[in-house]
Amino acid sequence: MANSNTGGGDIFDVRKIRRLVELMNDHELSEIDLRQSDQRIRLRRGQEPVVTTVAAPASAPAPVPAAPAPAAASSPPADDDANSTYITSPMVGTFYLAANPESAPFVKVGDQVGQETTVCIIEAMKVFNEIPAECSGKIVNVMVENGDPVEFGQRLFKVSTSG
């Protein structure tokens, strides 16, 4: 699928995107994330269709104000701090804090994370998916135990977004 480099095809071609959506429906996938040279396309199934396209930066990215993660769009409980957000599961699967049992966890309480920081792995259908933070801040709580099953939208980490 990702080797559509032959013929120099544009990964943002509407026909290709429609085909990807069909494949997602046919195989009950919740997300597809493809990269081709400096281009990226991510299709995610959720409450409403989301298509995210990002061109990879040629140099270090300029600081951008942090937007809440798409999956964290639901309103937090009233007792939560306004300067906190949650990293939620983009899929159903098994949650892992590290790449393997001998490795150190990707993140732990007190660690600073950025938009692209890998925070965990979720195994779904024998595929290990690295999960980025999609927000910036400090991890204040790991809300799932290593090896636990997780649901789509389940809170995995609480992140303090205050400076």
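Guide: Begin with one side chain. Valine 119 touches Ile87, Leu97, Phe106, Val107, Val113, Ile131, Pro132, Ala133 and Phe157, leaving aside residues up to four places away in sequence; contact means heavy atoms within 4.5 Å. This is a predicted model, where local features need pLDDT of at least 70, side-chain atom pairs count only at pLDDT 80 or more, and totals for chains, interfaces and linings use all residues. Residues are numbered from 1 along each chain as its sequence is written, and side-chain values use heavy atoms, with hydrogens and water left out.

Visitor: Which residues have the most contacts inside the largest nonpolar core?

Guide: In soluble globular proteins, nonpolar side chains tend to be buried together. A nonpolar core is a set of buried Ala, Val, Leu, Ile, Met, Phe, Trp, Tyr and Cys residues joined through side-chain atoms within 4.5 Å; buried means under 20% relative accessible area, exposed over 50%, partly exposed in between (1.4 Å probe, protein chains only). Here the largest has 19 residues, and Ile87, Phe95, Val119, Cys120, Leu156 and Phe157 have the most contacts inside it. Strands S7 (118–124) and S11 (155–160) each supply at least two of its residues, with S7 giving the largest share, 4 residues. Strands are DSSP runs (E, at least two residues), numbered from the N terminus. Another core, of 8 residues, lies apart from it and includes Ile17 and Leu43.

Visitor: Is methionine 125 buried or exposed?

Guide: Methionine 125, in the loop between S7 and strand S8 (127–132), is exposed, with a relative accessible area of 68%. Its phi is positive, about 55 degrees, although it is not a glycine.
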